[in-house]
Amino acid sequence: MKKLFTALLSVVAMAFAENVQILEPSGAEFSTDAPQVVKSILRSAVSQTGNTPVESSADVQLRTTLSTMGSSIVVVVEQVKNGTVVGSGRQKTPSIDDLDVAIDDAVKAALANLDASGAPESAAYAPESGYQEGPDVVYVVPVERRSEDPNDNFAHKRPTRNYVSYGLGMAMWHNYDFEDDDYDEDMSWEQAFVFHYGRIFEVVPHAAITIINNMNISFGSDWEWHETFLIGGRYFISTGNITPYVGLGGGLGIQTDEHYDAAAEGFAIGLAAGAELGIIFFRDSATQLELGLAWDALWDGFESFDRRFGSGSFYIAINY
């Protein structure tokens with residue numbers, strides 16, 4: 001009899017469970033698979049409340065926003081009916097490791113005014129008129145932290161926005177004056193194409209770690225190929241949607257130049273350094289437009305700074 005009663009209750013609960021549409025989460029672009037992972041956690045959390053998560057349109061919608069506050073992640077989940085927020089849950093977690101716990105609790109709080117029968121939990125029963133719906137309630141529940149590993153002495157990692165950058169543009173390249181007993185070559189300036197590749201790791205709103213590769217190929221009378229690989233950083237002047245930046249980097253470079261073929265000076269590999277100045281459009285988006293100016297220098301060998309190749313570049317890039 002007990003099992004039959006339990007089964008009947010389950011059937012009744014399923015019959016009156018609300019369909020809850022899971023909207024695309026906002027602010028979950030800290031990794032490529034994060035949006036899908038967050039949606040999976042949201043579906044699981046909605047199911048735990050006794051309601052049914054759906055992708056199609058429904059009377060009840062669940063809107064989720066993730067944002068960073070210092071080194072913490074703030075999760076805000078809102079229950080929306082007919083364009084009006086009727087329930088809300090907010091959680092703050094110091095680590096991405098606890099993000100699933102924060103989402104679970106925020107969903108429970110946002111849907112707390114729905115029970116399995118579909119009637120508001122806060123409704124008051126009046127014999128003469130049935131259920132009377134009470135005022136909308138916003139629930140804020142403190143985040144429940146998981147126990148720390150006593151052997152883990154490292155600080156929690158904060159989410160980092162990562163971008164891959166591809167760009168094309170024009171460059172002005174130069175070699176250096178070279179003279180010996182049999183050969184004399186003056187410094188030459190040549191126009192070139194530039195191919196830009198980069199990895200950008202925005203560790204804080206005003207700064208990023210960068211890996212930049214600029215490759216110049218000359219289309220003058222003599223073949224020239226100039227490429228540098230630089231590790232450095234950028235400083236963003238502001239945190240708005242349109243953001244200027246400045247950057248520096250150091251690393252290695254490689255160069256080949258037909259001007260010096262007769263003097264066996266046509267190939268160079270050595271230390272390199274560079275500076276950059278630019279502006280990023282749509283900074284708040286997962287896809288950005290970048291206009292950049294870059295100057296890099298490559299020294300032939302590791303012990304002398306007399307033989308220096310240089311290149312100034314302008315490029316247009318897409319960061320995503």
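**Figure 1. Strand β8 and its two antiparallel partners.** In this predicted model, strand β8 pairs with strand β17 (residues 308-319) in the antiparallel sense, over ten bridges. Along this pairing you can find Ser 165 standing opposite Asn 319 in β17. Strand β8 (residues 161-174) also pairs with strand β11 (residues 189-204), again in the antiparallel sense, and here the count is 14 bridges. Val 164 is a handy landmark for this pairing, as it stands opposite Arg 199 in β11.

Figure 2. Strand β8 gives the largest share of the lining, four residues. Val 164 and Arg 199, the opposite pair from Figure 1, both belong to the lining. Other lining residues include Glu 29, Phe 30, Pro 35, Ala 286 and Tyr 320. By type, the lining divides into six nonpolar, three polar and three charged residues.

Figure 3. A search of the whole structure finds one cavity of 30 Å³ or more. The volume of the largest cavity is about 120 Å³, and 17 residues line it. Look for Ile 212, Leu 230, Gly 274, Ala 275 and Glu 276, which lie nearest the centre of the cavity. The elements that give two or more residues to the lining are β12 (207-218), β13 (224-236), β14 (242-257), β15 (267-281) and β16 (288-299). Eight of the lining residues are nonpolar, seven are polar and two are charged.

Figure 4. Which residues does Ile 103 touch, leaving aside its neighbours within four places in sequence? They are Val 38, Ile 41, Leu 42 and Val 75.

**Figure 5. Gln 36 in helix α2.** Helix α2 spans residues 34-48 and holds Gln 36. Is this residue buried, exposed or partly exposed? Gln 36 counts as partly exposed because its relative accessibility is 48%. Pro 25 is eleven residues away from Gln 36 along the chain, and their C-alpha atoms are separated by 8.9 Å.

**Figure 6. Two loop residues with positive phi.** Asn 82 has a positive phi of about 55 degrees, although it is not a glycine. The loop between β4 and β5 (84-93) is the place of Asn 82, and with a relative accessible area of 78% this residue is exposed. Phe 282, also not a glycine, has a positive phi of about 60 degrees. This residue lies in the loop between β15 and β16 and is partly exposed, at a relative accessible area of 45%.

**Figure 7. The whole chain, for orientation.** The chain contains three helices and 17 strands. Of its 320 residues, 41% count as buried. Among contacts between residues at least 6 apart in sequence, 59% join residues at least 24 apart.

Conventions:
Residues numbered from 1 in each chain as written. Predicted model: local features only at pLDDT ≥ 70, side-chain atom pairs only at ≥ 80, totals over all residues. Heavy atoms only, no water. Buried < 20%, exposed > 50% of the residue type's maximum accessible area, 1.4 Å probe, protein only. Contact = heavy atoms within 4.5 Å. 1 Å grid on protein atoms, 1.4 Å probe; cavity = no way out; pocket = protein on both sides within 12 Å on 5 of 7 lines; lining within 4 Å. Points joined across faces, edges and corners; volume = space filled by probe spheres on them. Nonpolar A, V, L, I, M, F, W, Y, C, P; charged D, E, K, R; others polar. Pairing = 2+ DSSP bridges.
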